[in-house]
Amino acid sequence: MEWVKKTGIIASVVLMSGMLIHAVSDDAGKEKEQQATEGNYYFPEKIDFAGEPTPLNVADVRERLDRELLVNANLHATTQIIIKRANRAFTVIEPILKKNGVPDDFKYLAVIESGLVNAVSPAGARGVWQFMPETGKEYGMEINDEVDERYNLEKSTEAACRYLKNAKEKFGSWTLAAASYNGGVAGVNRQISFQGVDNYYDLLLTEETSRYVFRILALKQIMENPLKYGFNLLPADSYPVLPAKKVVTNTSVPDLAVFAKEQGINYKILKIHNPWLRDRKLTNSAGKEYVIEIPLSGY
């Protein structure tokens, strides 16, 4: 009888231990699942660019998006600072895209081109939208030693809209228009003619152009859903839009440092807010109207 009691106690202990282990295992599994959905990575069930669906059912398409999501979600400092800059840059970009009938998703093209700063590429492309000199002039920007409107976010966004609308008219697709911003209209068109397909996701392109739209999609996904990728930023963390006034001049400014002081700021602040002014002076013998931004606070 004593033996039966001991056996029963042992069996009960084993049973309870198993239940506890199972419960702990279930809790750990649930915690792991929660971390997977709320942590640093999430793959969307569907995504589109400018209303044009991305065929995630195609194996290579899914893998290419997966690559760009993983890369950019784990470039933590770089992606975080882009999210901070977007508050300021998108305030300028979004209404210009809307006014020109260009889909809002193209603001993410500017993100992958430059990180929303006035970058300079080894090939000579400049500004947030990364225009080459010839293309910039073709689309109406003034580019010389004293004035370079590729550094003017409003002017360069307007020029980008003209380029993208022309490309959309050519290809009939916003996705191909985006690809052509990297691969060139002529380059993308040659591949369409040679390969006999007219869908970006069906084309075999150069490595850079092949990744290009997927980079846009990845930044769109991350910036629209930052918490799913571990970017827990408060509104106060974003860089603010500083109030400013517009000063119009149609005469030459022989000394921009003196001009800045006359406006109640210094030369550094003048150049930060007007990076398109590339020299210490502004020669204006033709009487052209230039709009100079003067911040009202923040300094």
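I started with the naming: helices (H or I, at least four residues) and strands (E, at least two) are DSSP runs, numbered from the N terminus. Residues count from 1 along each chain as its sequence is written. The model is predicted, so local features need pLDDT of at least 70 and side-chain atom pairs count only at pLDDT 80 or more, while totals for chains, interfaces and linings use all residues.

**Entry: the largest pocket**

Which element gives the most to the lining of the largest pocket? I found that H3 does, with five residues. On a 1 Å grid over the protein atoms alone, a pocket is an open set of points where a 1.4 Å probe fits, with protein on both sides within 12 Å along at least five of seven lines; lining residues have an atom within 4 Å of a point. I noted a volume of about 980 Å³ for the largest pocket, a volume being the space filled by probe spheres set on the points, which are joined across faces, edges and corners.

Its lining has 33 residues, and Val92, Leu153, Ile272, His273 and Glu293 lie nearest the centre. At least two lining residues each come from helix H3 (76–99), helix H6 (153–171), strand E3 (244–249), helix H11 (267–273) and strand E4 (290–295). By class I wrote down 19 nonpolar, five polar and nine charged residues. Here Ala, Val, Leu, Ile, Met, Phe, Trp, Tyr, Cys and Pro count as nonpolar, Asp, Glu, Lys and Arg as charged, and the others, Gly among them, as polar.

**Entry: the second largest pocket**

I then turned to the second largest pocket, with a volume of about 320 Å³. It is lined by 15 residues, and Glu113, Gln130, Tyr181, Asn182 and Tyr212 are the closest to its centre. Helix H4 (107–114), helix H7 (174–183) and helix H9 (207–224) each give two or more residues to this lining. The lining divides into seven nonpolar, five polar and three charged residues.

**Entry: helices packed on H9**

Next I checked how H7 sits against H9: their axes come within 9 Å and cross at roughly 125°. Axes are lines fitted to C-alpha atoms, for helices over the stretch in contact, and angles run from 0 to 180 degrees between N-to-C directions. So H7 is oblique to H9; angles under 35 degrees count as roughly parallel, over 145 as roughly antiparallel, 65 to 115 as roughly perpendicular and the rest as oblique. In the contact (heavy atoms within 4.5 Å), Thr175, Ala178, Ala179, Tyr181, Asn182 and Gly183 of H7 meet Glu208, Thr209, Tyr212, Val213 and Ile216 of H9. I sorted the residues of this contact into six nonpolar, four polar and one charged.

How do H4 and H9 pack, and at what angle? I read about 110°, with the axes 9 Å apart. That makes H4 roughly perpendicular to H9. On the H4 side I listed Tyr108, Leu109, Val111, Ile112 and Glu113, and on the H9 side Tyr212, Arg215, Ile216, Leu219, Lys220, Met223 and Glu224. This contact has eight nonpolar, no polar and four charged residues.

Key. Heavy atoms only, no water.
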